[in-house]
Amino acid sequence: MVRKSRRSKSARAPKKHGVLFRTVRSVLLLGVLLVFGVVLLYGMWAAVYPLDRLGEMPQRSIVYDMDGRPLSRLHGENRIVVKLEDVSEHFVDALLAREDSRFYSHRGIDPIGIARAIMRNVMARSVRQGASTITQQLARNTYPLGGRNLHRKALEAMLALRLEAKLSKDEILEHYMNRIYFGSGFYGIETASQAYFGKPSKDLSKSEGALLAGIIRSPGRFSPFNNLEGAIKERNTVLDRLVAIDKLEKEEAESIKRWPVKVQERSTRSSQENYAMDAIMRDLDFILQNQQTEDGGLH
């Protein structure tokens, strides 16, 4: 009778552990190399997009009367570009509270925001919250990155890192505020402020600033001209968020919620103005190329 040696079993155990360790190490190394390769690829891809595209925001051509006063606008996107310092702090605070409260602390991608969004989406069992920073949104709104997929998100993230490396935070915020859509054909904070409230954006109140910040995620649905009740609900959500990040006292927020919201009536052009604009367009067709008039930005 041959007795099995315990020594042979114990000798084989370290060997099995060694193989397992080397396998795990190889898999981890392969994963690191794969991630590095993807980051390198998308980093090189993001470098192809020209940064000067950020400042290319078509504005409507402005027509003046004989006294030099603006009479009407033609072609181009309905946008008036303004400097960050010419925008109300109430809107800036509301915008950051709504879209990216850690804007001035992250470098284009917010890991904390991503983790929070994943947790809330898992708990809700649906996609309820995104995790795009303002810088990522600016990249998405400026460049044609494709549809809602992992490829676009990866390219968007690398572009955001590049923008953060080349531009100051204030420059990024200024580009963003001038580029975003506010519904009813209005682009940029200045045009939206004048259209909805009849005042320059530097004069927006806390209530008005919160309302405009609130409609950014769904401007077509919550345009104050089409859905004032929905816009007010979004404003209240922004006010609550301002309270949560200690930018507004709860008592003041509740008081603001009781304020009436006065939105001016949508302007319509008179038949005389239509006639004048038609005549101007006919003259422009004689002296300018079609692309020059279609791009807008003329005075």
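## Buried and exposed residues

A residue is called buried when its relative accessible area is under 20%, exposed when that area is over 50%, and partly exposed in between. In this structure, which is a predicted model, Phe 103 has a relative accessibility of 0% and therefore counts as buried, whereas Tyr 104, at 46%, counts as partly exposed.

## The surroundings of Phe 103

A search of the whole structure finds seven aromatic pairs. In one of them, the ring centres of Phe 103 and Tyr 104 are 5.0 Å apart and the ring planes stand at 80°, so this pair is edge-to-face.

## A pair between a loop and helix H7

Phe 186 and Tyr 196 form an edge-to-face aromatic pair, with 5.4 Å from centre to centre and 85° between the planes. Phe 186 lies in the loop between H6 and helix H7, while Tyr 196 lies in helix H7 itself, so the pair ties together parts that are 10 residues apart in sequence.

Phe 186 is buried, with a relative accessible area of 11%, and Tyr 196, at 0% relative accessibility, counts as buried too. Together with Phe 225, Phe 186 and Tyr 196 form one aromatic cluster.

## The covering of helix H4

Helix H4, which runs over residues 134–142, is mostly covered, with seven of its nine residues buried. Among the buried residues of H4 are Ile 134, Leu 138 and Thr 142, and what covers the buried residues of this helix includes helices H2, H5 and H6.

Key: Residues are numbered from 1 along each chain as its sequence is written. This is a predicted model: local features need pLDDT of at least 70, side-chain atom pairs count only at pLDDT 80 or more; totals for chains, interfaces and linings use all residues. Side-chain values use heavy atoms; hydrogens and water are left out. Buried means under 20% relative accessible area, exposed over 50%, partly exposed in between (1.4 Å probe, protein chains only). Helices (H or I, at least four residues) and strands (E, at least two) are DSSP runs, numbered from the N terminus. Contact means heavy atoms within 4.5 Å. Rings of Phe, Tyr and Trp (its six-membered ring) pair if their centres lie within 6.5 Å; planes under 30 degrees apart count as stacked, over 60 as edge-to-face and the rest as tilted.
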